[in-house]
Amino acid sequence: MTENVYEVIILGSGPAGLQAAIHAARAKVSVLVMGKTSKSSLHKAHIENYCCMERTAGEDLLQQGIIQAEAAGTNFIYENELKVSNEDQRFIIQNESGEYLRCRALIMAMGISRNKLRVPGEKELLGRGVSYCVDCDGGFFRGEPVAVVGNESAAASGALTMTFYASDIHLVCDQLEISEVLAHQLVESKITIHEGRKVAEIIGQDQVEGLLLDDGTRLEVKGVFIELGAKGAIELASTLGVAMDAESPQFIAADKRQRTNIEGLFAAGDICGLPWQLAKAVGEGCVAGLEAAAYAKKFRR
């Protein structure tokens with residue numbers, strides 16, 4: 001069992017975590033990033049709405065971020081954290097290898113886990129027609145038929161958003177649980193609602209080709225948006241007593257300096273709530289990295 005000490009440790013190697021690492025390391029503190037970049041929601045995405053950048057593969061963008069962070073002096077451990085605790089104004093993180101890592105400032109930037117359908121084809125076709133974010137990927141399906149899966153407001157509003165892009169929109173749901181306003185908008189739209197149905201399989205080889213429902217109906221679609229809401233990565237946060245957002249308790253509450261209610265603990269990116277966009281994650285990561293570095297320096301003698 002080994003133990004390593006850093007001034008700043010960042011949990012999460014997505015855009016928020018990488019940007020935090022770049023700024024913290026450039027502020028001349030010791031920095032460690034933990035996490036698997038391949039698990040970032042950006043990894044299989046394509047970016048076309050980020051300022052001053054042409055359409056770019058998310059995987060390429062993340063790799064460039066790693067190069068920049070390493071050049072600034074950041075260390076990386078491509079493992080997930082298992083436990084987090086704090087004592088004597090230090091945070092203690094246990095990783096998958098049994099190492100215990102200590103730091104003065106901790107940044108949580110591990111994003112959120114999208115709820116899954118867990119049906120055949122979902123995992124295999126992720127990034128090839130399967131998406132968990134209409135706002136992120138809707139524009140890629142202009143003129144194409146799509147399906148949106150989900151019961152609540154995220155699915156209903158996602159389906160309505162797709163009316164600006166897709167040729168045909170199918171909303172597949174067990175039982176809609178939405179406001180009267182949204183329900184009226186759905187009725188007035190061109191969306192075909194398949195209420196009382198569940199998805200049995202997402203069909204396709206290299207790309208989505210269709211959606212099979214539990215009654216045997218096959219929907220000929222090119223895209224499937226799974227909008228079942230999202231559960232925040234709050235398990236580790238709860239062990240530290242981190243306050244959650246009052247209106248959306250699946251997200252961490254952070255102020256404009258990305259500080260949480262726990263001294264020395266900062267949060268950035270999707271874990272802080274909507275919108276789940278690259279620009280927001282990068283901006284919050286920048287602030288968190290600078291603030292964490294400044295906090296850690298206070299303990300230097």
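## Helix packing and salt bridges in a predicted model

In helix α4 (residues 153-162), the buried residues are A155, A156, G158, A159, L160 and M162. Buried means under 20% relative accessible area, exposed means over 50%, and partly exposed lies in between (1.4 Å probe, protein chains only). Helices (H or I, at least four residues) and strands (E, at least two) are DSSP runs, numbered from the N terminus.

This is a predicted model, in which local features need pLDDT of at least 70 and side-chain atom pairs count only at pLDDT 80 or more, while totals for chains, interfaces and linings use all residues. Residues are numbered from 1 along each chain as its sequence is written, and side-chain values use heavy atoms, with hydrogens and water left out.

What do the buried residues of α4 pack against? Their partners are α3 (134-137), β11 (145-149), β12 (168-173), α5 (180-188) and β17 (223-226). Contact here means heavy atoms within 4.5 Å.

Strand β12 carries H170. H170 counts as buried, at 15% relative accessibility. Leaving aside residues up to four places away in sequence, H170 touches V146, A147, V148, T192, H194, L219 and V221.

### Helices α1 and α7

Two packed helices are described by the angle between their axes and the distance between the axes. For helix α1 (residues 15-26) and helix α7 (residues 278-297), the axes come within 7 Å and cross at roughly 35°. Axes are lines fitted to C-alpha atoms, for helices over the stretch in contact, and angles run from 0 to 180 degrees between N-to-C directions. The crossing of α1 past α7 is right-handed. That term applies if the near helix is turned clockwise from the far one by less than a right angle; anticlockwise is left-handed.

On the α1 side, the contact residues are P15, A16, Q19, A20, H23 and A24. They meet L278, A281, V282, G285, C286, G289, L290 and A293 of α7. By class, this contact has ten nonpolar, four polar and no charged residues. Ala, Val, Leu, Ile, Met, Phe, Trp, Tyr, Cys and Pro count as nonpolar, Asp, Glu, Lys and Arg as charged, and the others, Gly among them, as polar.

Y295 also belongs to α7. Y295 is buried, with a relative accessible area of 9%. Not counting residues up to four places away in sequence, Y295 touches R104, A105, E263, G264 and F266. Y295 and N261 are 34 residues apart in sequence, and their C-alpha atoms are 14 Å apart.

### Salt bridges

The structure holds eight salt bridges. A salt bridge is a side-chain nitrogen of Lys or Arg within 4 Å of a carboxyl oxygen of Asp or Glu. The table gives some of them.

| Pair | N to O distance |
|---|---|
| R197 and D215 | 3.7 Å |
| R218 and E220 | 2.8 Å |
| R257 and E291 | 3.2 Å |

R197 and D215 meet in a salt bridge. R197 lies in the loop between β13 (192-195) and β14 (199-204), and D215 in the loop between β15 (208-213) and β16 (218-219), so the pair ties together parts that are 18 residues apart in sequence. R197 is partly exposed at 27% relative accessible area. D215 is partly exposed at 42%. A network of salt bridges links R197, D214 and D215.

In the pair R218 and E220, R218 is partly exposed at 40%, and E220 is partly exposed at 47%.

R257 forms a salt bridge with E291. R257 sits in the loop between α6 (235-239) and β19 (265-267) and E291 in helix α7, so this pair ties together parts that are 34 residues apart in sequence. R257 counts as partly exposed, at 39% relative accessibility.
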